[in-house]
Structure formats: structure tokens, C-alpha cells
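My entries follow in the order in which I looked things up.

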Amino acid sequence: MTTLITQTIAKVVVPLCVFLSISLLLTGHDQPGGGFIGGVMFATAISLLYISFGLDDSKKFFNPDWSLYFGFGLLLATAAGIGSIIAGYNLLRTDYTYLQLPLFGEVELSSAIVFDIGVYLVVIGGLLFIFKKMGED
Amino acid sequence: MNILEHTIVFMIAIPFLVASLMILTRPFPEIQKKLNVLVSIVLLILSVYLFSQVWQNGIIAYDIGDWGKYGIVLVADLLSASMVLLSSIITFLALLFSLDYIDDKSQNTTYHSLYNLLIAGLNGTFLTGDLFNLFVFFEILLIASCGLLIANEKVEITPSSHKMEAVYKYLILNIIATLFMLVAIASLYGTLGTLNMADMALRIGYMNENGTLPWHLIPTALLFIVVFGNKAAIFPLHFWLPDAHPTAPSPISAILSGILIKVGAYGFIRFYYLIFEGNLEIFQPIIIFLGLATIIIGSISAVGQDDIKKVLAYHSIGQIGYVFIGIGMGTVYALAAALIYLINHAISKSMLFLVSGCIVHKIGTRDMRKIGGLSSTEPFLGLMFLVGIMSISGLPPTSGFIAKFVLFDAGISGGFYIPILIAVIFSLFTLFSMFKSWQRIFWGEIKDNIFEKENIHQNSKTMLSSLVIMTVIIFVIGLYAEPLIAITLETAEQILDPQLYIDAIIPGEVR
């Protein structure tokens with residue numbers, strides 16, 4: 001699969017996919033999208049990178065330990081839940097506020113996003129860890 | 001703001017948090033071990049606290065995310081709290097055992113994080129008040145236990161290929177069962193419009209009063225019998241168990257056999273006595289029949305095995321049948337007896353699996369034909385195994401005697417003469433198979449070839465201490481059973497009065 005055509009296309013498509021996955025993640029708590037779908041999309045983008053450049057070649061410039069992403073994601077998601085206990089509410093209670101930013105205008109800032117980021121990291125960590133291990137075998 | 005109000009959710013959240021920490025601390029195995037033991041002790045203390053709270057103040061309900069009955073509700077009634085307490089005890093002791101028993105390579109990679117996920121899954125299954133959430137926790141349990149099943153022991157006793165085969169069967173059969181569960185939950189949700197178990201019970205109760213209960217809820221109920229029956233390994237659905245339990249490392253077998261198959265019985269109680277309360281009485285003979293068939297199949301199969309852990313695994317199938325006839329009989333006394341039986345089997349069978357783990361650790365084989373005369377070198381293990389088999393086959397003064405006596409007494413006072421007769425006859429098979437394996441392992445002539453292996457491991461003090469704790473529990477229950485009987489009778493009354501559960505979750509004004 002490491003032809004010039006796939007490599008050229010991958011260079012264009014992978015950043016787009018990553019941006020789309022992040023936008024899915026950020027809108028996820030009250031619109032279609034969410035940590036899981038965004039994470040799956042991110043994982044497909046990276047696996048496209050692995051397939052088009054070959055696992056050994058892509059390891060030279062891009063070689064993260066995906067299992068750590070899994071661990072950090074689970075930690076973040078659980079901590080987001082327990083954080084609301086520390087704030088005096090029940091587990092996973094969420095709250096939101098509106099923020100005025102210069103370029104973007106009014107932005108909704110929700111605490112559910114922390115949990116979603118945790119899920120996002122768990123999904124990309126889990127999927128890409130399996131994908132990479134199976135590729136290495 | 002009292003942090004102890006959140007005890008019920010800490011039982012699930014702490015293991016998840018620790019599981020993630022375990023992944024991040026993989027380069028430091030000593031920290032992992034100490035942290036895991038510490039967390040198990042904390043969870044044990046919290047579960048005792050939770051039980052005492054439920055015992056004093058009645059049912060505790062907890063809304064996750066403050067969504068009320070529309071979100072996920074955690075409920076601790078006496079049944080859930082006692083099951084959580086039981087699982088905390090067993091998982092703590094099995095963890096103590098596994099520190100020196102599991103191969104270091106397995107422990108350093110995934111063992112401890114999966115162990116915590118398993119604890120989270122168990123506690124979540126027992127505490128959740130939401131049917132779909134129950135499904136999710138079943139999946140967590142399944143995946144975590146699959147990962148633990150293929151962990152390696154220090155003695156290379158089971159080849160990895162056998163483990164993979166057993167895991168494959170376990171995974172596929174349980175995934176089919178959870179698929180059934182998903183279909184059944186979807187059907188219930190489509191009919192009732194809610195996933196909260198208390199709300200479901202309420203709505204089915206209203207439909208029943210008005211005579212508008214749709215006929216397809218009864219086939220749905222049958223699907224649930226298949227699902228929970230598969231989890232509990234009752235008669236036609238028990239095929240995965242005799243492969244999966246013996247190939248797992250011994251502490252994991254202790255958890256699988258001690259707690260994990262009880263999840264099916266727990267789900268069955270919830271579903272039969274809470275959600276479909278009073279609508280499934282036509283199934284009562286079927287449940288008793290399936291329980292008896294399970295006893296017969298399990299007890300007879302256990303007699304002919306040559307593998308120590310296979311004897312115990314087949315025997316677990318038989319024992320879950322006794323729990324199911326207790327549940328099927330449905331009086332307060334019989335239900336209490338089923339719970340006592342369940343608790344006794346959890347402790348005694350876990351202990352037997354741990355003793356067999358000690359034997360395996362020392363000898364390096366599970367095949368009883370190659371073992372003999374062990375009492376001359378390992379008298380302590382012989383004593384522990386004897387206590388375990390006395391308890392499991394119901395001899396006084398152990399907890400097994402109390403369990404069997406109460407169950408048979410409940411059956412006779414309820415008028416179930418023929419099922420009890422069959423159960424008594426087949427408990428003799430238990431006695432026979434257990435004492436036969438004890439005799440084959442510890443008596444007879446010493447086989448020369450068993451001590452010649454190079455990788456003989458000594459049993460460490462932490463391994464033996466968990467056995468001693470279990471022995472103490474067995475004898476305490478056997479000699480002073482009144483508190484346990486009082487607790488289980490109270491629990492059974494609470495189970496048979498689902499209105500208490502419903503009132504605790506859905507206050508009258510929001511119905």
C-alpha cells in the first residue's frame with residue numbers, strides 16, 4: 001500500500017480527519033458526536049498513516065506508546081467523575097457556562113467535555129494499541 | 001458535606017481510578033502490588049461500612065449525575081450490600097494469594113489493572129439499579145475475566161494454547177448470551193419505556209392490574225432466564241464452565257467460581273422477584289427442575305474427573321443448582337437458605353481452589369493420577385483441603401452443614417419433598433467425589449516422580465494466610481450461624497417485598 005498516490009492523499013486526509021475528530025469531540029456532549037466517535041475517527045486517521053507509510057517507516061517520526069493514552073484517558077474520565085464529588089455533588093454531575101472569546105464569539109464551556117476527552121483518549125489508546133501490536137506481529 | 005454519603009459510588013469509582021493508575025505505573029511492579037493490596041483493604045472496609053449503613057437505615061439510592069430516575073441509579077439494598085461485602089472478602093483474599101502465585105511477567109503487564117476492573121465490574125453489577133447498566137457491567141466483567149484467565153502461573157502447568165481455547169469458548173458463549181440480553185432489554189424498553197428496574201417493576205405492576213400485560217413480555221422473560229442461566233452455568237448452558245475455570249490461574253478460578261457465577265443467581269433474583277414480581281409463577285417448576293438437573297449433571301460429572309481443578313469446577317455447576325432450587329421455592333425461609341448456600345459456596349469453593357493452587361504450585365501438576373501421599377510432606381495443606389471438602393459437602397461443624405441443613409429444612413417445610421429427596425441423594429455424590437480426591441492427593445503411596453521437577457515452588461506465608469482466614473470464616477459461620485441466618489432472613493423478606501425497593505428509588509409523588 002505504500003505507493004506515491006496513497007502517501008500523497010494521506011498527507012492531505014490525515015490532518016483533515018484529525019481536525020474533524022476534534023470537532024466531533026468538542027460538540028459531543030449536546031450534539032451528534034462525542035468522545036467515542038471522535039476517538040474512532042482519530043484512530044482511523046492514524047491507521048491510514050500506518051498503512052500508507054508502513055509501520056516501520058512511520059515509527060521513525062511518530063512512535064507514541066498508545067497504552068499510556070489509554071491509562072491517562074481512563075484516569076481523566078474517572079477523575080472527572082470524582083471531581084464533582086469534591087465539588088459537593090453526586091458523581092458525574094455536570095455544569096456549564098458561557099464564555100465570550102475574541103474571535104469565536106459566545107462559546108459554551110461544559111464540564112462534560114473533560115469526561116469526553118477521557119473517553120476520546122481511551123478509544124484512541126485502545127484501538128491504536130491493538131492495531132499497532134497486530135501490525136508488529 | 002459528608003464524603004461517606006458517596007460510599008456506594010466509591011465502590012465502583014475507586015477500582016476504575018486504580019485500574020488507570022495501574023496502567024500508568026507499569027514500570028514499578030512493587031508499587032502496583034502494594035497499591036492493589038491497599039485498595040482492596042479500603043474497599044473491604046467501605047463495603048462493611050456500606051452494609052452497616054444499609055442494615056441500620058434501609059435501602060440507599062444514589063443518582064449518578066443528579067438525573068433522578070431518568071439517569072443511572074445505584075441502589076444498595078441488603079442483597080446488593082451483602083453480595084458486595086462477599087465479593088470484597090473473596091477478591092481481597094484471592095489477591096493476597098495471587099501476589100506470590102502469578103508469574104511476575106503477567107503481574108507486571110496487565111494483571112493488576114484487570115483485577116481492579118473485575119472488582120469494579122462485580123461491584124457495579126451488584127449495585128446498579130438500571131437494566132442497561134447491568135448489561136454494561138456484565139460486559140466489563142466478561143472482558144476483564146477473559147484477560148485474567150490467560151494470566152500465567154509461576155509453575156507452567158497449563159499451556160497457553162489450552163488457555164486460549166478455554167477463553168475462546170468462554171468469550172463466544174458469553175457474548176451470545178449478552179446479545180440475547182441486549183435483545184431482551186430492547187424489547188422491554190420498547191414496551192415499558194424505561195430502563196430503571198424499579199420503574200419497570202412499577203409499570204409491569206400497573207399493566208398487570210389493568211390486565212394489559214402484553215404477551216411478548218413472557219418470552220422476553222424466558223430470554224432473561226437464558227442469559228442469567230448462562231452466567232450461572234445452569235444445566236443446558238454449563239458447557240463453558242468446566243473448561244474456563246480449571247485453566248484459569250487458581251486465584252482467578254476462586255473468583256470465577258466463588259463470585260462470578262453468583263452474578264447469574266443475583267440477576268435472576270432481581271429479575272424474578274423485582275421486575276416481573278408475581279408474573280412468572282408459571283416458571284417456578286421449570287426453575288426447580290433446571291436446578292435439580294444441574295445438581296445431577298454437576299455432581300455425577302465431578303466423580304469421574306482426574307484433574308483436581310476440574311473436579312472442583314464440575315462440582316461448582318452442581319452447587320449452583322442448590323442455589324437455584326432455593327430461589328425457585330420462593331418462600332422467605334427458602335430464599336434465605338439459598339443466600340446462605342450461596343455465601344457458603346463462595347467461601348468454601350474459593351478456599352478449595354486456593355488450596356488446589358497451593359498443591360499445583362508445589363507439585364507442578366493438576367493430574368491426580370500423578371499425585372499421591374502428599375500428607376507426609378504437606379500436612380497443613382491436607383488439613384486445609386479437609387476443612388474445605390467438609391464444608392462443601394456439608395459436614396458439621398462447618399458452614400456447609402448450616403447451609404445444607406437450612407436449605408433442606410426450608411424445602412421440607414415448604415412441601416417440596418421430591419426435589420429435596422433428589423438433592424439429598426446427589427449431595428452424597430458430592431461427599432464421594434470430594435473425599436475421593438482428598439484421598440487420592442493426600443493418602444496412598446508417595447509417587448516418586450512428583451518431586452523431581454526443577455521448578456518446585458514453596459508456598460509463601462501470604463498464600464497460606466489467606467487460606468487460614470477462609471478457614472476461620474468457615475468455622476465461625478459453622479459454629480455461630482445465628483447472625484448470618486438473621487441477616488439472610490431479613491434480606492429475603494426485603495427481596496420478597498419489592499415495594500420497599502421501589503419506594504426507595506421512586507418517591508410516591510414523581511410516579
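How many salt bridges does the rule find across the interface of chain B and chain A? I found one. The rule asks for a side-chain nitrogen of Lys or Arg within 4 Å of a carboxyl oxygen of Asp or Glu.

Notes on the source. This is a predicted model, in which local features need pLDDT of at least 70 and side-chain atom pairs count only at pLDDT 80 or more, while totals for chains, interfaces and linings use all residues. Residues are numbered from 1 along each chain as its sequence is written, chains are lettered from A and ligands numbered from 1 in the order in which they are written, and side-chain values use heavy atoms, with hydrogens and water left out.

Entry 1, the interface. I looked up the pair: A:Arg93 bridges to B:Asp66, with the closest N and O atoms 2.8 Å apart. I then asked for polar contacts, meaning N or O atoms within 3.5 Å; within protein, one must be able to donate a hydrogen and the other to accept it, and residues adjacent in sequence count only if both atoms are side-chain atoms. The rule gives five residue pairs across the interface of chain B and chain A, both residues at pLDDT 80 or more. On the chain B side, helix H1 (7-24) and strand E1 (60-63) are the elements that give two or more residues. H1(B) gives the most, with 10 residues. Helices (H or I, at least four residues) and strands (E, at least two) are DSSP runs, numbered from the N terminus.

I sorted the chain B side by class and got 13 nonpolar, three polar and three charged residues. Here Ala, Val, Leu, Ile, Met, Phe, Trp, Tyr, Cys and Pro count as nonpolar, Asp, Glu, Lys and Arg as charged, and the others, Gly among them, as polar. In total, 19 residues of chain B and 17 residues of chain A take part in the contact (heavy atoms within 4.5 Å).

The buried area is about 1,600 Å², and carbon and sulfur atoms give 74% of that. Buried area is the accessible area (1.4 Å probe) that two parts lose on being put together, summed over both. B:Ile23, B:Leu24 and B:Asp66 supply 30% of what chain B buries against chain A, more than any other three residues.

B:Asp66 sits in the loop between E1 and strand E2 (73-76) of chain B.

The peptide bond from B:Pro396 to B:Pro397 is cis, with omega near 5°. I placed B:Pro397 in the loop between helix H15 (379-393) and helix H16 (399-413) of chain B. For reference, most residues other than glycine have a negative phi, and most peptide bonds are trans.

The axes of H3(B) (residues 78-101) and H14(B) (residues 332-363) come within 11 Å and cross at roughly 5°. That makes the two helices roughly parallel (angles under 35 degrees). Their contact has 14 nonpolar, three polar and one charged residues.

I looked at H11(B) (residues 262-275) and H13(B) (residues 308-329) next: their axes come within 11 Å and cross at roughly 10°. These two are roughly parallel as well. Axes are lines fitted to C-alpha atoms, for helices over the stretch in contact, and angles run from 0 to 180 degrees between N-to-C directions. B:Phe268 and B:Tyr273 are among the H11(B) residues that meet H13(B), where the partners include B:Phe324.

Entry 5, chain A. I counted five helices and two strands, in the pattern α-α-α-α-β-β-α. A:Glu136 forms a salt bridge with A:Lys59, closest N and O atoms 2.9 Å apart. A:Glu136 lies in helix H5 (residues 112-136) and A:Lys59 in helix H3 (residues 55-61) of chain A, so the pair ties together parts 77 residues apart in sequence.

Note on methods: Angles under 35 degrees count as roughly parallel, over 145 as roughly antiparallel, 65 to 115 as roughly perpendicular and the rest as oblique.
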